[in-house]
Amino acid sequence: MDPTVTRVLAEASVKIALFFGVVLTVIAYMTWVERRVSAWIQDRRGPNRVGPFGLLQPLADGIKFLFKEAITPPHVYRPVYLLAPALIFIPALVTFSVVPIGPTMSLFGRRIPLLIADVDNGILIILAFASMGVYGVALAGWSSNNKYSLMGGLRSSAQLISYELAMGIAIVGVLMATGSLRLTDIVTHQITNGWNALWQLPGFLIFVTAAFAETNRLPFDLPEAETELVAGYHTEYSGMRFSMFYMAEYANMITASALATTLYLGGYHVPGLAALGLPENAAAIVQVLAFCLKVAMFLFVFVWVRWTLPRFRYDQLMNLGWKGLLPIALAHVLWVSFLVLGGRA
Amino acid sequence: MVVRLLLGLIFVLVAFAVVRALAPARAALAGIVLGAGAVVLVALNRQAITSVEFWAGLCGFAAILSALLIVIHPNPMVSVLFLIVNLFSVALFYLILNAQFLAAIQVIVYAGAIMVLFLFVVMLLNLKAEEGLRGGGGPQRYGAVVLGGLFAGLMFHALRNRGPRPYFEPGSFDSGFGTARELGRLLFTRYLFAFEAASLLLIAAMIGAVILAKRRIR
């Protein structure tokens, strides 16, 4: 094969393996964080027996899920029932491939950008795969052949479609300021002109709210509201397939946090780092760590909100989406366009 | 030309008889057999894995196979899923043709938004698996066979008589033409009238839908 092609393929494979491994590890440890933080908020101890501080708990949970019996109820539509968990999980992971976690590094005499795919339409790819997430939940609900599951699936589709709209319009503000759909351009624009969250606060808040709805987290977890729907769309799932839904939820959280960081909090930018005059690779490592810190902050907020707020009622959810967030997002776009015309960006 | 059209007609008649004998119980099997056949064809074609033709062939295969399964599969819900696969493979075609913006929009609008609507409709109508090909049909079936046969013959004729030109000419190729920037520039300069007229049409349809739906509530 052509040596250039081989090199590009090898580089991409290494990056994909690294990203995949890191994201999966963070997913596993988010379950531990969730349980420890919820215990802390509720003045309990939480899992602290397996390993120091309960740090080996995710490992034990994983083994438990693998060895549990995976029951397939006789009334489900089998092909779709088996496919649905994967359909939720895959879009969440694919979206991560366009997020830049750092600037370029020089390794082995080559300059390596710290993201998997620097595509021209990064934002659109993200929106495309976010809209794919609906299918997993809707199909899990339908194929379970159970009215609670179906209700959960329907609710989630309505919720995702409503909030996707507000999210997309909020992102338009960032796009107008940057003049590019490429995520690396959005980050470099923020490095020179200041973080977007500072002057696009309404857009930032709408994006974060919509991200909670897109990930089906409290206060937007109506698709699996246990007091009304048993467990919603994953009522009929057990064993590893059940845990796939949870892994997908955490993967979605990580991706949403990474996006909020990239779009509004300057991505990997550390203010004042350029003044220190560090060598390129050291600066890159500091910036990657800063990115991880910002993402971790968002993940903590996700957990914090879940154990603080009660669940919305369905009509409240729809009213907030269509009569609250959408008009604010539209007004925000108008405001940002005036600022951009006036030479702010 | 006429001989080839007749050949196509005979081919589709035979294919129709085969599908009728197999479907619906063996619809999945028919799909797998077709798929295996196409994979063998692609492999035999001996295109380099990095060539445009290889990937275009793979996407074309996925598009045709999923389109066939939409029609063959007895469960309407699964047909909707294969329609999504079909729209995805068309988006991949756009990517291969360097129209990245169009590919992303195809996934967002068609595979994302419109197909969710289809999914809802099929889900809420609660359609049971069809009786099979025996149930439907009528006179339009014979018309479909004749027209399909003529179309197959036409395709065969076109493939046999294609010119020596390559699929694309590297010299005249502009790598920026599929980007959002170029497309936006064209939409707001050369095709401005058509673009604005289409937006007006969409608004009218939206208002009409709201008025029709709310007529009884008032």
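Which helix gives the most to the lining of the second largest cavity? The answer is α5(B), with 4 residues.

The model is predicted: local features need pLDDT of at least 70, side-chain atom pairs count only at pLDDT 80 or more, and totals for chains, interfaces and linings use all residues. Residues are numbered from 1 along each chain as its sequence is written, chains are lettered from A and ligands numbered from 1 in the order in which they are written, and side-chain values use heavy atoms, with hydrogens and water left out.

Chain A holds 12 helices and 2 strands. Helices (H or I, at least four residues) and strands (E, at least two) are DSSP runs, numbered from the N terminus. The order of elements in chain A is α-α-α-β-β-α-α-α-α-α-α-α-α-α. Chain B has 8 helices and 0 strands.

Of the 345 residues in chain A, 51% are buried. Buried means under 20% relative accessible area, with exposed over 50% and partly exposed in between (1.4 Å probe, protein chains only). In chain B, 25% of the 218 residues are buried. The accessible surface is about 15,800 Å² for chain A, with 71% belonging to carbon and sulfur atoms. For chain B, the surface is about 15,200 Å², and the carbon and sulfur share is 73%. These areas come from the Shrake-Rupley method with a 1.4 Å probe; for residues, only the protein chains shown count as cover.

Contacts (heavy atoms within 4.5 Å) were split by sequence separation. Among contacts in chain A between residues at least 6 apart, 78% join residues at least 24 apart. The corresponding share in chain B is 69%.

Rolling a probe the size of a water molecule over the atoms shows where empty space is left. The search of the whole structure finds 3 cavities of 30 Å³ or more. A cavity is a set of points, on a 1 Å grid over the protein atoms alone, where a 1.4 Å probe fits but cannot get out; lining residues have an atom within 4 Å of a point. Grid points are joined across faces, edges and corners, and a volume is the space filled by probe spheres set on the points.

The largest cavity contains about 390 Å³ of space. Its lining has 26 residues, and A:Ala130, A:Gly133, A:Glu214, A:Thr215 and A:Asn252 lie nearest the centre. In chain A, α3 (78-95), α4 (122-143), α5 (147-178), α8 (201-214) and α10 (239-264) each supply at least two lining residues. The most come from α10(A), with 7. By class, the lining has 18 nonpolar, 6 polar and 2 charged residues. Ala, Val, Leu, Ile, Met, Phe, Trp, Tyr, Cys and Pro count as nonpolar, Asp, Glu, Lys and Arg as charged, and the others, Gly among them, as polar.

The second largest cavity has a volume of about 40 Å³. Its lining includes A:Val134, A:Tyr135 and A:Leu154 from chain A, and B:Val116, B:Phe120 and B:Met123 from chain B. Helices α4 and α5 of chain A and α5 (100-125) of chain B each supply at least two residues of this lining. The class division is 8 nonpolar, 1 polar and no charged.

A:Ser149 sits in helix α5 of chain A. The residue is buried, with a relative accessible area of 0%. Beyond residues up to four places away in sequence, A:Ser149 touches A:Gly141, A:Ser144, A:Gly232, A:Tyr233, A:Thr235 and A:Glu236.

Key. 1 Å grid on protein atoms, 1.4 Å probe; cavity = no way out; pocket = protein on both sides within 12 Å on 5 of 7 lines; lining within 4 Å.
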